[in-house]
Amino acid sequence: MFTGIVEELGRVVSVEPGEDSAVLRVRGPLVTSDATHGASIAVNGVCLTVVEHDAESFSVDVMAETLRRSSLGTLTAGDPVNLERAMAASSRFGGHIVQGHVDGTATITAREPGDRWEVVTFTLPQALARYVVEKGSITVDGVSLTVSAVTDDTFSVSLIPTTLDLTTLGHKGVGATVNLEVDVLAKYVERLMSAGAQA
């Protein structure tokens, strides 16, 4: 489990594509400082398992399902990525409940700069629209954000200077693809309500 508070802006060292999988090597000295084999690290919001590591970098296997549902298949050496270690039980819960299970992808459609902040608008996949509400939580490329506006097919977030400086969202332009994870609590509520209606 994660919180959506990015710990480090890492960088892809290498991508080794397989027939229907890939091995990513990512540089992230902070997140590897206490890494162990089998540890979970979120890369752009995708929970991945460490299979090798040293003091500066780590490797993960990415299966076909993850490549299909996320933007990880488009990564190349040198690309920046948002990194977060799995949450420790004793830690403060700074963001919201993030599983690292990407629900789909979206595209940046607009960036509107303010004085020291920026409003970024994304496409909203129809299959996920019912889970996205104004002032609700959403995870974009592993970053826990509050929805500032929503329409039938778009949603917007307001990014503070820290988010602009310390995550990939400060550097991605219009047309870029991002990973989305909707609030898992909304999905559980929907499932429970559906079960209640059938009883």
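Me: Which residue in β11 stands opposite V147?
Reply: V157 in β11 stands opposite V147. Strands are DSSP runs (E, at least two residues; helices are H or I, at least four), numbered from the N terminus. The model is predicted, with residues numbered from 1 along each chain as its sequence is written, and local features need pLDDT of at least 70. Side-chain atom pairs count only at pLDDT 80 or more, while totals for chains, interfaces and linings use all residues, and side-chain values use heavy atoms, leaving out hydrogens and water.

Me: How many bridges pair β10 with β11?
Reply: Strand β10 (residues 143–150) pairs with strand β11 (residues 154–159) over 3 bridges, in the antiparallel sense. Pairing requires at least two DSSP bridges between the strands. β10 and β11 also form a hairpin, with 3 residues between them.

Me: And what about β9 and β10?
Reply: Strand β9 (residues 137–140) pairs with β10 over 4 bridges, again in the antiparallel sense. S137 stands opposite T146 in β10. β9 and β10 form a hairpin with 2 residues between them, and D141 in that turn has a positive phi of about 50 degrees.

Me: What do these strands close into?
Reply: β9, β10 and β11 are among 6 strands that close into a barrel, in the order β7-β8-β11-β10-β9-β12 with antiparallel pairing. Neighbouring strands of this sheet are turned by 45 degrees against each other on average, direction ignored. The axes are lines fitted to C-alpha atoms, and angles run from 0 to 180 degrees between N-to-C directions.

Me: Changing topic: where does the largest pocket lie?
Reply: It lies between domain 1 (8–85) and domain 2 (104–193), because both give residues to its lining. Those bounds come from an automatic or database domain assignment. A pocket is an open set of points on a 1 Å grid where a 1.4 Å probe fits, with protein on both sides within 12 Å along at least five of seven lines; lining residues have an atom within 4 Å of a point.

Me: Which residues line the largest pocket?
Reply: The lining consists of N44, S71, T74, L75, D79, P80, T168, H171, K172, A176 and T177.
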